[in-house]
Structure formats: C-alpha cells, structure tokens
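User: I am new to this structure and would like to go through it step by step. Please keep the answers plain.

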Amino acid sequence: MPARKMRVELFDSDGNRYTIAFEGQVTRDKALRLLDLVELLGGAPNENPVVNSSPAMPNRQLSRFEKVQHVVQKNFPLIWFTSKDIQTIYETELKEPVSLSTISTYLARMVDKGMLLRTGNSNSLKYKAAPNIAPAIKQHIIK
C-alpha cells in the first residue's frame with residue numbers, strides 16, 4: 001500500500017498558521033489521534049462547548065481532560081470502572097464522540113497524577129478514584 005499524506009492547517013485568533021503533516025499509513029484511528037493532538041495543543045476550538053449550570057461543571061468551556069475527570073468523579077466516586085465505561089457515559093452525557101484511546105490516555109495521566117488507582121493486565125485495566133491521602137504520607141509511600 002502506498003504511503004498517504006494528511007495535513008492539518010489551523011489559524012489562531014492572531015492570524016498565525018500552524019501546519020501538522022502526517023505521512024504513512026493513514027487510518028481513522030491515527031487521524032482521530034492527530035485531531036486530538038491538535039485539540040490538546042489548543043489549536044482548534046471545541047465544537048460542542050459544555051454549558052451547564054451545575055456547580056460541578058461551571059459555565060465555561062472545559063477541556064476534554066476536565067470532561068473525562070468530571071465523568072469519573074460524578075459516576076464512579078467509589079467503584080471500579082473501565083475505560084469503555086467512561087467512553088460510553090462521556091458520549092451519552094456530553095453528546096460528543098471520543099475515541100477509546102483518548103479516554104485511556106487521560107485515565108493513564110490521572111493515574112500518574114495520583115488521582116486514580118489502576119489494576120489488571122493491559123487488556124483489562126480497571127480504575128478507581130484514589131483515596132485522599134495527605135501529601136506527606138503520599139510522598140512517603142511513593143519513595
């Protein structure tokens with residue numbers, strides 16, 4: 001199969017142009033990852049801003065990471081869950097598609113930050129909200 005090219009051009013509010021190019025075997029998943037990267041860099045505004053008057057989600061545009069964090073806190077404060085659980089609830093509640101790889105990436109980041117606990121092998125990971133431990137104790141545990 002011949003190599004294909006994909007290029008994304010963005011313009012910010014100051015008129016600056018950003019170009020991201022990808023060359024190789026382009027799949028739907030890779031294209032979605034590239035667009036997720038563009039969004040993470042702040043290069044493209046979210047088409048579906050969250051507007052909600054609840055105290056948990058104030059009236060402002062939330063990043064995708066914050067939205068995933070909200071879904072976790074709201075729906076799984078005490079029980080174990082999978083990335084597929086988060087993806088399903090995210091798409092149902094927020095009415096926007098999100099790839100499973102994006103959800104998995106954000107959950108891994110939350111684990112790295114100490115926000116979540118993780119268990120299981122690589123194809124059946126489960127997550128749970130980390131208990132609130134005093135920072136001094138948490139540093140002692142990590143060392």
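Predicted model: local features only at pLDDT ≥ 70, side-chain atom pairs only at ≥ 80, totals over all residues.

User: How many helices and strands does the chain have, and what pattern do they follow along the sequence?

Analyst: The chain holds five helices and four strands. Taken in sequence order, they give the pattern β-β-α-α-α-α-β-β-α.

User: What does V72 touch, leaving aside its neighbours within four places in sequence?

Analyst: V72 is one of the buried residues of α2, along with R64, F65, K67, V68, H70 and V71. Beyond its sequence neighbours, V72 is in contact with P77, F81, I86, L107 and L116.

User: Is F81 buried or exposed?

Analyst: F81 sits in the loop between α2 and α3. Not counting residues up to four places away in sequence, F81 touches V72, F76, I86, L107, L116, L125, K126, Y127, K128 and A129. Because its relative accessibility is 1%, F81 counts as buried.

User: How far apart in space are F81 and R118?

Analyst: Along the sequence, F81 and R118 are 37 residues apart. From C-alpha to C-alpha, the distance in space is 9.6 Å.

User: What share of the chain's contacts between residues at least 6 apart in sequence join residues at least 24 apart?

Analyst: The count takes in contacts between residues at least 6 apart in sequence. Of these, the share joining residues at least 24 apart is 39%.

User: What span should α3 have at 1.5 Å a residue?

Analyst: α3 has twelve residues, and its end C-alpha atoms are 16 Å apart. The expected span is 1.5 Å times one less than the number of residues. That agrees with the distance between the ends, because α3 should span 16 Å.

User: What covers the buried residues of α3?

Analyst: The buried residues in α3 are S83, I86, Q87, I89, Y90 and L94. Their cover includes α2, α4 and β4 (126–129).

User: Does S83 count as buried or exposed, and what does it touch beyond its neighbours within four places in sequence?

Analyst: S83 is part of helix α3. The cut-off for buried is under 20% relative accessible area, so at 15% relative accessibility S83 counts as buried. Leaving aside neighbours within four places in sequence, S83 is in contact with L100, I103, S104, L107 and Y127.

User: At what angle do α3 and α4 pack, and how far apart are their axes?

Analyst: The contact is made by S83, K84, I86 and Q87 of α3 and by L100, I103, S104 and L107 of α4. The crossing of α3 and α4 is right-handed. Their packing angle is about 115 degrees, and their axes are 9 Å apart.

User: Which residues of α4 are buried?

Analyst: α4 has 13 residues and reaches 18 Å from its first C-alpha to its last, close to the 18 Å expected at 1.5 Å a residue. Its buried residues are T102, I103, Y106, L107, M110 and V111.

User: Is K95 buried or exposed?

Analyst: K95 is placed in the loop between α3 and α4. Its phi is near 55 degrees, a positive value in a residue other than glycine. The cut-off for exposed is over 50%, so at 65% relative accessibility K95 counts as exposed.

Key:
Residues numbered from 1 in each chain as written. Heavy atoms only, no water. Contact = heavy atoms within 4.5 Å. Helix = DSSP H or I, 4+ residues; strand = E, 2+ residues; numbered from the N terminus. Buried < 20%, exposed > 50% of the residue type's maximum accessible area, 1.4 Å probe, protein only. Axes fitted to C-alpha atoms, helices over the stretch in contact; angles between N-to-C directions. Left-handed = near helix turned anticlockwise from the far one by under 90°.
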